[in-house]
Amino acid sequence: MTFAPFTKLADDAVASLCAHYPEQATYLGDHSHDDQLSDPSAAAGQRRSAELRSLIARLDELPAERLDTADAVDRDILRTAAEGELLELNELDEASWNPMLHNPGQALYGLLSRDFAPLPERLSGVAGRLRAIPDYLQAARSRLGEMSRVHVETAVGQLEGTLALIEGEVPAAVAKAGGVGPDLSQEVSRAAAAVREHQDWLRGELPGARRPARLGPDLFADKLALTLATPWQPTTLLEQAYRDLERVERELAELVGQSTKSADVDRAVIAAEFDRLAADAPTSDTILQLCRDALTETTEFVREHDLLTLHEDPVDIIEMPEIDRGVAVAYCVAVGALETAPLATQFAVSPTPTDWPAERVRSFYREYNIHMLHNLTIHEAMPGHVEQLSHNHRYQGANPVRGVFGSGSFIEGWAVYAEELMAGLGYRRKISAEAAAAVRMQQLKMQVRSILNTIMDVSFHTGELDQREAMELMTVRGYQEEGEATGKWRRVQLSSTQLSTYYVGYLEVRGLATDLRQARPAWSDRQLHDSMLSYGSPPVRYLRQLLELPPAA
């Protein structure tokens with residue numbers, strides 16, 4: 001039975017999070033702060049740090065014997081989240097050097113893009129956030145010190161998307177409301193002027209933006225442990241990644257040998273086969289419909305093979321907004337854990353940005369060719385993120401911890417596992433053996449990519465990986481298009497530890513599935529997968545506890 005004092009503490013912790021980060025609250029589904037922006041000042045960070053230290057102390061005072069297994073897991077998840085946020089506030093202090101954190105665009109987009117309330121009501125929130133933008137950006141400038149060039153350049157570019165949203169999408173939403181709700185013309189003008197002033201300030205800071213983008217070995221190791229909720233150390237993770245890279249390369253060579261009927265398969269033969277598949281490229285006019293067709297096909301395959309319970313919640317396949325384009329071809333936005341409105345999950349798919357030159361467009365669609373789009377749809381939608389998060393949304397715990405602090409490593413790990421599962425079962429074989437082999441090739445290429453993501457993440461932030469070495473890894477060993485590799489190199493510099501979640505999560509989810517099959521040999525695939533998805537999205541180490549399995553070897 002759940003322990004009431006812990007439930008109260010968990011509820012208070014989530015309410016405190018939402019009050020401190022109104023933008024995050026909107027996406028989670030707590031709309032009591034929709035007219036506010038977070039406070040980027042150092043003083044606000046200090047107040048939040050004090051709250052987190054108090055939370056950790058109160059969690060540590062809970063009597064362990066009064067907590068059942070579910071509460072004990074949620075306590076550990078909440079404590080890890082608090083430790084991670086404390087590390088961010090006090091050690092990484094990213095708010096003082098990463099201007100990308102201080103962009104109000106997503107705060108506005110979250111109100112415009114989701115129909116959780118009537119449009120006039122949501123526009124009232126937009127009005128409040130627009131009015132807050134000038135003071136918010138002024139406080140951000142006061143907080144920012146020495147910055148890295150790549151972060152400043154990226155922030156300036158992303159703010160262009162924010163300007164387009166303020167001056168384009170906000171007035172369009174006001175017009176759509178038909179005169180019901182605020183006018184917002186003055187708020188739009190002042191907010192746009194504040195964003196332009198901030199852009200000009202950032203451009204002026206570029207000559208002195210010399211801060212290294214690398215975290216360094218110690219900070220990276222501390223952040224990695226909290227991101228993954230595992231005992232992986234960077235050195236041992238890197239060693240394991242290189243071993244698995246060689247394993248997957250052997251599988252890829254074997255598959256290409258079967259497809260080409262060649263006994264002597266080297267990198268050139270594999271590259272030629274990927275070139276052949278890349279010729280089946282979509283266009284900006286066809287990519288959304290191809291993904292819709294792929295979702296229909298993947299769903300039917302999952303149903304035919306009875307891989308898991310299909311909830312078939314509504315899914316909107318949408319064109320990715322311009323502010324998000326140019327990094328990934330797709331992403332999934334689930335219904336927030338605290339949301340009560342009946343919203344659809346969004347599967348956003350990206351045509352290329354309108355200002356890209358023709359060669360970059362060609363390279364992008366060669367990378368995300370038709371066969372890759374099928375694998376991508378598996379990952380982002382079925383039975384990957386969309387379906388896993390549908391199961392996640394049905395988990396009803398005594399507190400909101402698992403919904404609010406879902407494990408990115410488990411979520412991404414499940415999606416990568418889903419790719420392997422579907423390809424291994426011969427997805428698209430009904431179309432032809434060649435179509436199934438093409439998806440399997442793209443799945444192995446994506447598995448190589450997830451391993452390389454980890455190798456670059458660790459090697460850059462703890463060592464001396466440079467652009468030349470990274471590009472060679474991606475284009476030679478990863479068979480990636482030049483444009484894809486260039487974008488990923490930027491992402492390696494802009495982020496830390498998140499790129500490791502795909503590979504580590506996959507290792508853990510695959511290991512869990514293997515051990516669960518051995519422990520429950522009479523279970524069907526549906527029973528196995530439903531059980532893995534029935535506890536929300538906790539880190540796999542805790543999922544093992546909940547499933548009464550021993551820790552991983």
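**Note on the predicted model: cores and sheet**

1. In this predicted model, Ile 455 is in contact with Leu 238, Ala 241, Tyr 242, Leu 245 and Leu 473, when its neighbours within four places in sequence are left aside.

2. Ile 455 is also one of the residues that touch the most other members of the largest nonpolar core, together with Leu 252, Trp 414, Tyr 417 and Met 532. This core comprises 95 residues. Helix α18, spanning residues 433-462, supplies its largest share, namely twelve residues.

3. A further core lies apart from the one described above and contains 41 residues. Its members include Leu 37, Leu 111, Ala 117 and Leu 130. As general background, nonpolar side chains tend to be buried together in soluble globular proteins.

4. The model also contains an open sheet of three strands, arranged in the order β1-β3-β2 with mixed pairing. Its edge strands are β1 (315-319) and β2 (330-333), each of which pairs on one side only. From one strand to the next, the twist averages 20°.

5. Strands of a sheet pair through backbone hydrogen bonds, in either a parallel or an antiparallel sense. For β2 and β3 (residues 345-349), the pairing is antiparallel and extends over four bridges. Within this part of the sheet, Ala 330 has Val 349 of β3 as its bridge partner.

6. Helix α14, formed by residues 370-380, lies across β2 and β3.

Methods:
Residues are numbered from 1 along each chain as its sequence is written. This is a predicted model: local features need pLDDT of at least 70, side-chain atom pairs count only at pLDDT 80 or more; totals for chains, interfaces and linings use all residues. Side-chain values use heavy atoms; hydrogens and water are left out. Two strands pair if DSSP finds at least two bridges between them. Helices (H or I, at least four residues) and strands (E, at least two) are DSSP runs, numbered from the N terminus. Axes are lines fitted to C-alpha atoms, for helices over the stretch in contact, and angles run from 0 to 180 degrees between N-to-C directions. Contact means heavy atoms within 4.5 Å. A nonpolar core is a set of buried Ala, Val, Leu, Ile, Met, Phe, Trp, Tyr and Cys residues joined through side-chain atoms within 4.5 Å. Buried means under 20% relative accessible area, exposed over 50%, partly exposed in between (1.4 Å probe, protein chains only).
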